[in-house]
Amino acid sequence: MIPPMIDIDTVTKYFGEKLVLDRVSLRIAPHEVVCLIGASGSGKSTLLRCVNRLVAHDYGTIRLDGVPVDDPSFGKTGLQKRAAIVFQSYNLFAHMNVLDNITLAPRRVHGQSRAEAEDRGRDVLARFGMAGFATSYPEQLSGGQQQRVAIARALMTRPDVLLLDEITAALDPELVGEVLAIIRGLKDDGMTMMIVTHEMGFARDCADRVAFLDGGVILEQDTPDRLFGTPQEPRTKAFLQRIIASGRL
Ligand SMILES: Nc1ncnc2c1ncn2[C@@H]1O[C@H](COP(=O)(O)OP(=O)(O)OP(=O)(O)O)[C@@H](O)[C@H]1O
């Protein structure tokens, strides 16, 4: 068996007294795309953030390519370089142009020269149809374009894994497709991804595996064909009906 790229093993996380992740186990193979689906508050973002240690889990083990994420060998920024995260809010610096936004961390944190970072930056922007916007400022871009820049920024350090946290949730519906197309392209390139999304159609088309999270517990994890096949699996139907009825999807 191929060793997993991300190995989440019986991970538990509390915020204060509140149990947010309850012995979660999930293995993601190299080049695999796993979508996490669940109601608001079910622990999806927390699980994603535990993988690159923006949040520290309390019990269990998370390994990235075999190395525990709390291993000192990652240093201060090594883990975020290898497991890059993109958020719903693009978090671009308003006072910097696009090229400066995406080259800042590679230069300041990861020690790349300006020339090296800008070469890579221009390549990544071109790939995402953003070559003409290198000197634009974030406020001059649509939400979809800003999110494309945020994804470009995450790819600057050539991560092994991309962690995507509801990256289309803040976009107008007509802009969602352009961002999802980029993610499909990354999948075709073989990028390993863990994706929190409410876009059920996207999960069905793009994921190799879908995991349902409920109250900090993984209820199901299976291929989209098996979970969403026709007729829809009773377990999927029951899960989706429940979270849709709660208005918290
Ligand atoms: N930093 C924090 N401090 C305290 N509680 C937190 C913190 N972050 C998240 N929580 C709580 O942990 C639970 C899970 O939150 P999380 O953001 O992981 O859920 P989610 O499934 O991603 O929800 P959403 O879809 O709304 O983003 C929620 O009850 C939330 O209020």
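Which residue in strand 8 is the bridge partner of Leu162?

A: The partner of Leu162 in strand 8 is Met193. Before going on, note that this is a predicted model, where local features need pLDDT of at least 70, side-chain atom pairs count only at pLDDT 80 or more, and totals for chains, interfaces and linings use all residues. Residues are numbered from 1 along each chain as its sequence is written.

Leu162 belongs to strand 7, residues 161-165. Helices (H or I, at least four residues) and strands (E, at least two) are DSSP runs, numbered from the N terminus. Strand 7 has a neighbour in strand 8 (residues 192-196), and the two run parallel, joined by 5 bridges. Strand 6 is also parallel to strand 7, with 4 bridges between them. There, Ala84 stands opposite Leu162. Two strands count as paired if DSSP finds at least two bridges between them.

How enclosed is strand 7? 5 of its 5 residues are buried, so strand 7 is largely enclosed by the rest of the structure. Buried means that 20 or more other C-beta atoms lie within 10 Å of a residue's own; exposed means 12 or fewer, and partly exposed lies in between, with C-beta atoms placed from the backbone. In a regular strand, side chains alternate between the two faces of the sheet. Here Val161, Leu163 and Asp165 point one way, while Leu162 and Leu164 point the other way. Both sets are buried.

The largest nonpolar core has 69 residues, and Leu36, Leu163 and Met194 have the most contacts inside it. Such a core is a set of buried Ala, Val, Leu, Ile, Met, Phe, Trp, Tyr and Cys residues joined through C-beta atoms within 7 Å. Helix 5 (residues 143-155) gives the most to this core, with 6 residues.

Take Leu36 next. Leaving aside neighbours within four places in sequence, Leu36 is in contact with Lys44, Leu47, Met194, Ile195, Val196, Ala211 and Leu213. A contact means two C-beta atoms, placed from the backbone, within 7 Å.

Lys44 links this picture to the ligand. The ligand is surrounded by Phe15, Val20, Gly38, Ser40, Gly41, Ser42, Gly43, Lys44, Ser45 and Thr46. A residue is near a molecule if its C-beta atom, placed from the backbone, lies within 6 Å of it. Helix 1 (residues 44-51) gives the largest share of this shell, 3 residues. By class, the shell has 2 nonpolar, 7 polar and 1 charged residues. Ala, Val, Leu, Ile, Met, Phe, Trp, Tyr, Cys and Pro count as nonpolar; Asp, Glu, Lys and Arg as charged; and the others, Gly among them, as polar.

In helix 3, Val98, Leu99, Asn101, Ile102, Thr103 and Pro106 are buried. Asn91 counts as exposed because it has 12 C-beta neighbours inside 10 Å. Its phi is positive, about 55 degrees, although it is not a glycine. Most residues other than glycine have a negative phi.

4 strands form an open, antiparallel sheet in the order 2-1-4-5. Strand 2 (18-28) and strand 5 stand at the edges with a single partner strand each, so one side of each is left without a neighbour in the sheet. Strand 1 (residues 6-15) and strand 4 (residues 59-64) are joined by 5 bridges. Ile8 stands opposite Ile62 there. Strand 4 and strand 5 (residues 67-68) share 2 bridges. Leu64 has Val67 in strand 5 as its bridge partner. These two strands form a hairpin with 2 residues between them, and Asp65 in the turn has a positive phi of about 50 degrees.

Last, the whole chain. There are 9 helices and 10 strands. Buried residues make up 42% of the 249 residues.
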